[in-house]
Amino acid sequence: MTLSVFDIFKVGVGPSSSHTVGPMIAAVRFVRRLEEANLLQQVKRLHIELFGSLGATGFGHASDTAIMVGLFGHLPDQVDCELIPILVEQVRQEKKVLLLNQFPVFFDPDKDLVFNLRETLPQHSNGMRFKAFDENGQQLMKKEYYSIGGGFVVNCDGLKVNLSPDKPVPYPFNSGEDLLKLSEQHQLSIAQLMMANELVYRSKEEVREKLLHIWEVMQACVKRGYTKEGFLPGGFKVKRRAPALYQRLRDRPEECLRDPLSMLDWVNLYALAVNEENASGGRVVTAPTNGAAGVIPAVLHYYERFIPHANEQGIIDFLLTAGAIGILYKENASISGAEVGCQGEVGVACSMAAGALAAVLGGTTQQVENAAEIGMEHNLGMTCDPVGGLVQVPCIERNAMGAVKAINAARLALRGDGQHLVSLDKVILTMKQTGEDMKSTYKETSRAGLAVNIPEC
């Protein structure tokens, strides 16, 4: 295992992990490289290009905003979300940016930040090229980075620039089959295996503290999402639905006595709240992406609020189990909508949540693996076709649907004995192959599907 659970769950900002979080990290990385080379004081101009899906939908996904904020040295998990629009307006008005908030450099985003709508760099569909020049126009440095989904960033050599250090762990795994064998051999749950591996990086107390912090951020995001009213940014003026739904559920609790499925309204609320907050550029947890950030918080809220005897340890085990499943998808397929479509985002989140819920409801490792497989099997082929390049339609509702699917997938698996025809490994392989076969226009380019049909209506 080369990844940590905290590589899968990262605190960031909306609206997109690949188009916002990744570019912000890449911008910080580029400026840091200039600093390491003692070139910051010589830089007088920057030129940045976005390619592939970043070029096609980056404007609607706030990629330009993220890059400008990153040039100041702000990282997604630390930046004050209220500061972002202030910095961007400052850059646009003054036509300059302060590298690491210290070194002024001429930068006109309308000219020096280019969206290449049709050109793609060879390594990945989310490519970025950064160039720095001195006062004579001489190029000081050129770097290419790729945002490969979930906030992961690699350089042109494929080296990961923002991951936990690669260390040997006691229970390495590369497949679902590995997890099943390790669990049986050592009589440990997936969460216990993951915790043992995490102890290579940090103490048990630190792991628990960081996981509970992830949960706190998720809860805060849900609360902000159902209390903020108004419209989401962008030309479609999509109204926030979570506040009205919350008011109805809170003011009419007796409805649950007449409607046994009213619990699903709460699950929908949690997911809508997160993704409306994400769409507005708020603080979210990448789980495993921003476009799918509402699925796992919704299912985890369902566990905490609707399952008797839910407790803190269950929340920790849920996140550890979900993280293990997410690692399998990241290592063996993709979690990038620009690479495999929305099956790699909402589909993966659904699979992670289904397996994790089955685990904390007392499922065997076989039932957990089965739940994760069911969660993906019925999301295969899902396209990524955001209307207007915004992470709003159909993205927000897809999270609600993904959360409900995850709960049902867990229930289906728990009603069985863990034996099933299609393994998790096979469905991950199938998802990868399906993504490779999918036309590029259906992979976060806004050139097909709902993205072209809705504006024509």
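Which domains does the lining of the largest pocket draw at least three residues from? That was my starting point today. I found two: domain 1 (16–155) and domain 2 (176–200 + 202–442) each supply at least three residues of that lining. A reminder to myself before going on: this is a predicted model.

**Entry 1: the largest pocket**

I looked up the volume next, and the largest pocket holds about 710 Å³ of space. I counted 31 residues in its lining, and those closest to the centre are Ala62, Thr65, Pro233, Ser280 and Gly281. Then I sorted the lining by class and noted 14 nonpolar, nine polar and eight charged residues.

Which helix gives the largest share of this lining? I found that α5 does, with four residues.

While I was at α5, I followed the chain into the loop between α5 and β3 (96–99), where Lys95 sits. I checked the backbone there and found phi of Lys95 near 55 degrees, a positive value in a residue that is not glycine. I noted it down because most residues other than glycine have a negative phi.

**Entry 2: the cavities**

How many cavities of 30 Å³ or more does the structure hold? I found two.

I took the largest cavity to begin with, and its volume is about 130 Å³. I listed 15 lining residues, with Gly291, Glu345, Cys384, Val391 and Cys395 nearest the centre. By class I sorted them into seven nonpolar, four polar and four charged.

I wrote out its lining: Gly176, Leu179, Leu180, Ile190, Ile325, Val368, Glu369, Ala372 and Leu424. I then asked which elements give two or more of these residues, and found α7 (176–186) and α17 (365–377). By class, I noted seven nonpolar residues, one polar and one charged.

**Entry 3: helices around α19**

I turned to helix packing, which is described by the angle between two axes and the distance between them.

I began with α14 (residues 312–332) and α19 (residues 424–437), whose axes come within 10 Å and cross at roughly 45 degrees. I therefore call α14 and α19 oblique to each other. Their crossing is right-handed.

I then compared α17 with α19, and found that the axes come within 9 Å and cross at roughly 25 degrees. With angles under 35 degrees counting as roughly parallel, that makes α17 roughly parallel to α19. I noted this crossing, of α17 past α19, as left-handed.

I found a cis bond joining Ala287 and Pro288, with omega about -5 degrees. Pro288 belongs to the loop between β9 (283–286) and α13 (295–306).

I also found a cis bond between Val393 and Pro394, where omega is about 5 degrees. In which loop is Pro394 found? I traced Pro394 to the loop between α17 and α18 (395–414).

Note on methods:
Residues numbered from 1 in each chain as written. Predicted model: local features only at pLDDT ≥ 70, side-chain atom pairs only at ≥ 80, totals over all residues. Heavy atoms only, no water. 1 Å grid on protein atoms, 1.4 Å probe; cavity = no way out; pocket = protein on both sides within 12 Å on 5 of 7 lines; lining within 4 Å. Points joined across faces, edges and corners; volume = space filled by probe spheres on them. Nonpolar A, V, L, I, M, F, W, Y, C, P; charged D, E, K, R; others polar. Domains from an automatic or database assignment. Axes fitted to C-alpha atoms, helices over the stretch in contact; angles between N-to-C directions. Parallel < 35°, antiparallel > 145°, perpendicular 65-115°, else oblique. Left-handed = near helix turned anticlockwise from the far one by under 90°.
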